[in-house]
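Thanks for making the time this morning. I would like to walk you through a few local features of one model, so please keep the structure in view while I talk.

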Amino acid sequence: MFRINIDGKEGQFENQLTVLQAAKSMGIQIPTLCHDDRLEEYGGCRLCIVRINGRRRPETSCTAMIQDGMQVDAFPDDIEKERKTLLRLMTRNGEMNLSGLDTRKEFYRHLAHYGLLNEKSQETLKTTSVQWADHPFIRVDMDKCIDCYRCVRICEEVQGQFVWQKWNRGDKVTLLADGKESLKESSCVSCGACADTCPTGAIEDVSVIDKGYPENYTRSVCPYCGTGCEINIGTRDGKIVEILPVRDSPVSKGHLCVKGRYSFGFASSTDRITDPMIRVNGSWKKATWDDAIKVVAENFKKIQSKYGPDSIGVLGSSRATNEENYLAQKFARVVIGTNNVDSCARVCHAPTAAGMGHILGTGSATNSFDDIEKANTMMLIGVNPTENHPIVGARIKERALKGANLIVIDPRRTELASLAKIHLQLRPGTNIALLNALANVIINEGLVDRDFISDRIDNFESFSESVREWTAERAAEICGVDANKIREAAKIYASHKPSMLFHGLGVTEHSQGTDGVMAVVNLALLTGNIGIEGSGVNPLRGQNNVQGSAHMGCEPSKLTGYVTIESGRQRFESTWKRKIPEKKGLDEMQMIDSAVSGDLKALWIQGWDVYLTNPDMKHTEKAFNSMEFIVIQDFFMNETAKKFGSVFLPAVTSYEKDGTFMNSERRVQRVRKAIDPLGNSKPDWEIINLVAKSMGFGKDFAFSTPEDIWNESRELWEGGRGITYRRLEKGGIQWPCPSEDHPGTKILHTNKLTIGKKTSLAETQYRPTVEVTDEDYPILLSTGRSLFQFNAATMTDRSGNRAFRDTDYLYLSRSDAIRLKLEPGERVRLVSRYGEAVTRLSVDYDIKDGTAFATFNDPDVSLNQITGPFRDSKQNTPEYKVTAIRVIKA
């Protein structure tokens with residue numbers, strides 16, 4: 001126990017803190033400028049000096065550790081006088097232009113407190129530095145810099161980017177971005193951490209400069225990837241002017257990426273659709289909500305009556321809340337009478353849910369993001385976190401920089417691959433061969449966890465036989481990697497525990513996607529890296545609520561809580577007082593096929609641009625042209641709506657409504673309304689209620705608030721019963737959480753697997769994809785996302801991100817570009833067996849010869865014109881990662 005007295009106030013602490021931390025916890029605010037809770041202590045500004053009894057000189061409270069019986073004077077006269085002198089020096093004896101300081105931040109507050117704001121007339125003050133104004137989100141004015149170096153330190157310690165650097169020495173020292181007076185032209189990833197930590201406003205958000213300081217902040221959750229970062233939405237005059245990270249967020253630790261931090265402009269975009277629209281004689285006409293709902297209800301009833309309930313499908317949204325996805329699947333099953341309900345989890349992580357669920361019993365992350373800092377080894381398979389899940393990526397990067405082993409399995413040399421101890425740069429489509437070889441090495445080298453296998457695995461011998469022939473040499477030939485590297489990777493993963501696995505769409509979006517996930521799980525089970533800190537199998541989900549949308553029942557074979565229809569039927573029918581359809585439902589890809597064959601006649605699509613993002617656009621186009629009625633519910637007139645929509649129902653963004661999201665680590669968090677809906681747009685849940693009421697099911701959908709919906713869903717979901725809105729006000733909770741006195745579950749499978757005491761390893765054999773290269777199509781293409789744009793760019797393209805990435809690019813190796821006589825930046829035509837697309841070329845030294853990578857964000861490119869019809873054999877997830885193409889000048 002540490003007892004301390006600060007200015008006559010007593011405090012007791014179990015753990016040894018700094019004096020500054022102890023003072024803060026006691027409600028004593030010692031002035032400081034170089035301190036940030038997210039950073040290692042620095043003691044550079046010396047503003048936090050205190051006098052400690054028995055010590056000759058004042059000490060910085062941010063570096064001095066408390067001792068039992070310590071007596072501290074925080075505000076004696078001589079210390080206060082020295083603080084004032086230090087602050088005056090920071091203003092360059094009054095020569096700093098104080099008029100542009102951020103009045104919300106520490107430096108301004110300290111100057112005001114010590115009476116230094118008006119020491120000189122503002123008119124006589126001069127600007128001494130150049131302003132940087134080329135970045136769309138961040139403005140730099142070094143005249144306000146006080147050399148606290150918080151920008152340098154947060155860029156290094158939190159983001160791991162090392163953009164801000166000190167140049168020169170003594171009074172000549174200056175700060176530059178990669179040696180330049182330009183953030184936009186540097187390696188800056190625009191996370192905004194430097195602007196957030198800057199205590200003066202020398203680095204400031206452009207939105208605040210242009211629109212003024214926020215009047216209110218609302219705590220909510222980012223609407224982009226599945227990390228689930230918490231955000232503080234700053235509003236002024238009813239509009240968003242700034243978004244800041246939540247400092248005490250357990251997920252993001254006071255950090256955000258460019259999308260969460262700055263990509264909010266879409267909410268007020270001038271092309272938001274804010275009134276219902278009905279297509280009349282080929283043209284869109286504005287309508288009232290009553291008229292639009294009536295058209296939707298009448299057409300659904302007509303088609304239902306004429307062709308039967310299974311002629312209609314409902315697609316929930318991974319951008320919508322848990323509550324709204326719960327209603328979407330309830331609407332399909334209760335109002336329409338069909339299990340034809342799905343979400344875009346289908347085209348990304350359905351194989352994860354199936355594969356992990358089959359072996360472990362739960363198809364979700366086994367561990368938490370906080371285990372990153374506890375892992376000794378991290379293996380990344382088919383996932384690029386620094387671009388697609390940047391906050392998780394930054395945490396992995398920082399852990400690797402501090403000495404943890406990092407193994408990356410990816411066809412591209414990603415940023416994390418460049419930091420990895422081992423990078424296995426395999427050929428696209430050969431995951432199973434490589435994963436089986438890793439298992440082979442682990443077994444043959446005697447690196448398995450014998451006790452774990454004895455307790456929890458029932459087919460170790462037969463599994464060992466199934467991978468016996470998958471030697472490192474055999475896999476090396478198929479995958480195009482060095483056999484010795486395969487052996488080394490296996491040894492490091494198995495020997496340097498705890499070891500943590502991350503996988504993404506590079507595993508799932510293959511014809512053997514589900515098998516690939518199971519092969520990943522095999523590695524964790526063989527080595528006992530399940531059920532302990534710093535380990536596990538952890539899928540990084542693509543969209544903000546892709547975990548929640550499927551878990552709430554937007555899945556044709558599952559109900560809320562991801563239980564099978566048969567196991568949950570009695571409970572749900574009892575609560576709903578309605579029968580659940582008996583007939584097996586169609587997933588989204590099957591719905592498209594069914595429409596082509598003439599069976600599916602109508603589709604309600606909520607928050608998903610199916611036409612732009614589905615593979616094999618010709619097939620998708622044929623499907624939509626075969627349907628009689630298509631309802632689009634979104635923020636914008638997306639490509640599906642433009643070309644095929646019958647009715648458009650304008651939905652609000654997550655900034656404009658309440659509810660919950662569920663992130664990749666099973667954490668349910670509150671989404672809170674920060675601004676009023678734009679125009680006449682409505683929350684998705686209200687729209688579903690209105691359609692249900694118009695179809696005669698008002699009593700079944702008599703919900704007044706999102707909390708009402710949540711309470712019904714958690715009544716049905718055993719693992720979520722303890723997660724109440726009241727509890728969520730204090731922070732997110734990870735399921736399973738079966739009761740209101742349960743704390744939630746950070747790590748699954750600690751004492752036993754969810755599936756039972758023992759399970760079986762998956763005996764999967766590698767099957768080459770049908771999509772292969774030949775003389776006509778010699779390059780193997782994978783598609784995916786980029787840092788500055790998100791999926792179909794519906795939101796990011798309207799938020800300033802185009803300044804960094806204005807279209808899609810094809811990334812080709814330098815050797816292939818030279819061989820094809822192509823130049824960087826020129827327009828190239830990509831030709832596959834299924835279609836053509838034109839985009840720009842980027843020559844990439846991190847791409848292997850004979851392979852290529854392209855993004856799919858730009859509707860003008862419509863890259864999915866060239867992706868093929870092949871799908872995961874078990875879950876129908878498209879094989880986006882393998883398409884044979886040729887590249888020619890456009």
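Let me begin with a definition: two strands pair if DSSP finds at least two bridges between them, where strands (E, at least two residues) and helices (H or I, at least four) are DSSP runs numbered from the N terminus. This is a predicted model, in which local features need pLDDT of at least 70 and side-chain atom pairs count only at pLDDT 80 or more, while totals for chains, interfaces and linings use all residues. Residues are numbered from 1 along each chain as its sequence is written, and side-chain values use heavy atoms, with hydrogens and water left out.

On that basis, β29, residues 667-671, pairs with β30 in the antiparallel sense over two bridges, and R667 has Q734 in β30 as its bridge partner. The open sheet runs in the order β28-β29-β30; β28 (659-662) and β30 (733-734) are the edge strands with a single partner each, so one side of each has no neighbour in the sheet.

Turning to helix α17 (472-479), we find A472, A475, A476 and C479 buried, that is, under 20% relative accessible area with a 1.4 Å probe, protein chains only. Viewed down the axis of α17, the buried residues fall within an arc of 105 degrees, taken from the directions from the helix axis to the C-beta atoms, so they line one face of the helix. Their cover includes α14 (431-444) and α18 (483-495), contact meaning heavy atoms within 4.5 Å. Just after α17, G480 has a positive phi of about 80 degrees.

How values were computed
Buried means under 20% relative accessible area, exposed over 50%, partly exposed in between (1.4 Å probe, protein chains only).
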